[in-house]
Amino acid sequence: MDSTAIDRFDTSRFEASRNRLASLAYRLLGSAIDAEDAVQDAFLHWQAADRQRIRVPEAWLTKVVTNLCLDRLRSAQARRERTVGAWLPEPLLDGDPMLGPAATFEQRESVSLAVLTLMERLSPAERAVYVLREAFSYNHAEIAEILDITESASQQHLHRARRRITAARSGSGEVDPASARRIVEEFLDAATSGRTERLVALLTDDATAISDGAGLTEKLLRYDTPQRIAAIARAGFKSTPAKQRLAGGISAVHYALVNGAPAILFVPDGKVVGAVTFDIAGGKIATVRGIAAPARLARLTEAWGQHGPDTPLITQW
């Protein structure tokens, strides 16, 4: 086999792992843009390596991508960008290959916006062990090899990660899709019609709302009582000419699933300009997240462009 054929063969071996590597990097970094960069860097490492000496390409590539992501998480720049209170994960439309694997509840939960946010409380090593174990089912011996740690250290990291995430997590188990949609539609109807009492009734007593302020504020905007959330929802969901100009036109409002959670999307002319996601617990809304920073909606918009037509909840907003 000549060198050109070998290069093509080796490139195809890498491409066969690309989606899995991207989904690993996304879980570790919470950013599709950064995940794509990590995978591309791994490809450069792959090209530069003596590939004939790599016995198990999948394991080698997993180790490279994991450690590239850990380098990113540990960098001073990342620590500044991900300061507590100033960062939200990048939302992805259901069906995006970065959200896989998704066969088990643990795999689906590990890519939810709730857990991606909670993982910011973990050390980089704890985060890596948690993702490798919960989402990709690596055993502790394999994780130890990937991270260059002992099996005992891997077990300790997993124990601490599970404890911290469980202690901070609200809700239990998965929500019936039909019930989740009904609750979100009721919330949208109450918000757009200005019914404060109905909004409050749809929220848990300890509900929180978080907004990135369309990327115009340094810190996230937080609201921590049902009454405050209801007030901001009434104001935020009221359509005005100023909001239409800011959005780039009159929006259609669609229901969607984002990172496995119910969401509503504001879409003028096929471009997603706002995503509001909901965590449901006990038949009520526990967390509302508003994401409108354009850079964090680029991949979601691209996926939405390939999304089949559906009937919007509101045709003109």
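**Briefing: sheet, helix packing and local features**

Ile-210 stands opposite Arg-222 in strand S2. The model is predicted. That residue pair belongs to a sheet of 6 strands, which is open and mixed in its pairing. Helix H3 packs against H2 and against H7.

**The sheet**

- The strand order is S2-S1-S6-S5-S4-S3.
- Strand S2 (221-223) and strand S3 (252-258) are the edge strands. Each has a single partner strand, so one side of each lacks a neighbour in the sheet.
- On average, neighbouring strands are turned by 15 degrees against each other, direction ignored.
- S1 and S2 are antiparallel and share 3 bridges.
- S1 and S6 are parallel and share 5 bridges. Thr-208 has Thr-287 of S6 as its bridge partner.
- S3 and strand S4 (residues 261-267) run antiparallel and are joined by 7 bridges. Val-258 is bridged to Ala-261 in S4.
- In a regular strand, side chains alternate between the two faces of the sheet.

**Helices on the sheet**

**H2 against H3**

- The axes of H2 (residues 32-48) and H3 (residues 57-74) come within 9 Å. They cross at roughly 130 degrees, and the two helices are therefore oblique to each other.
- The crossing of H2 and H3 is right-handed.
- H2 contributes Asp-34, Ala-38, Asp-41, Ala-42, His-45 and Trp-46 to the contact. H3 contributes Pro-57, Trp-60, Leu-61, Val-64, Val-65, Leu-68, Cys-69 and Arg-72.
- By class, the residues of the H2 and H3 contact are 10 nonpolar, 1 polar and 3 charged.

**H3 against H7**

- H3 also packs with helix H7 (residues 124-134), at an angle of about 145 degrees. The axes of H3 and H7 are 10 Å apart.
- The crossing of H3 and H7 is right-handed.
- From H3, the contact uses Thr-62, Thr-66, Leu-70, Leu-73 and Arg-74. From H7, it uses Pro-124, Ala-125, Arg-127, Ala-128 and Leu-132.
- The contact of H3 with H7 divides into 6 nonpolar, 2 polar and 2 charged residues.

**Salt bridges**

- The whole structure holds 18 salt bridges.
- Side chains of opposite charge can pair when their charged atoms come close.

**Backbone points to check by eye**

- Most residues other than glycine have a negative phi, and most peptide bonds are trans.
- The peptide bond from Gly-100 to Pro-101 is cis, with omega near -10 degrees. Pro-101 is in the loop between helix H4 (76-81) and helix H5 (105-109).
- Ser-137 has a positive phi, near 60 degrees, and is not a glycine. Ser-137 lies in the loop between H7 and helix H8 (140-147).

Key: Residues are numbered from 1 along each chain as its sequence is written. This is a predicted model: local features need pLDDT of at least 70, side-chain atom pairs count only at pLDDT 80 or more; totals for chains, interfaces and linings use all residues. Side-chain values use heavy atoms; hydrogens and water are left out. Axes are lines fitted to C-alpha atoms, for helices over the stretch in contact, and angles run from 0 to 180 degrees between N-to-C directions. Helices (H or I, at least four residues) and strands (E, at least two) are DSSP runs, numbered from the N terminus. Angles under 35 degrees count as roughly parallel, over 145 as roughly antiparallel, 65 to 115 as roughly perpendicular and the rest as oblique. A crossing is left-handed if the near helix is turned anticlockwise from the far one by less than a right angle, and right-handed if clockwise. Contact means heavy atoms within 4.5 Å. Ala, Val, Leu, Ile, Met, Phe, Trp, Tyr, Cys and Pro count as nonpolar, Asp, Glu, Lys and Arg as charged, and the others, Gly among them, as polar. Two strands pair if DSSP finds at least two bridges between them. A salt bridge is a side-chain nitrogen of Lys or Arg within 4 Å of a carboxyl oxygen of Asp or Glu.
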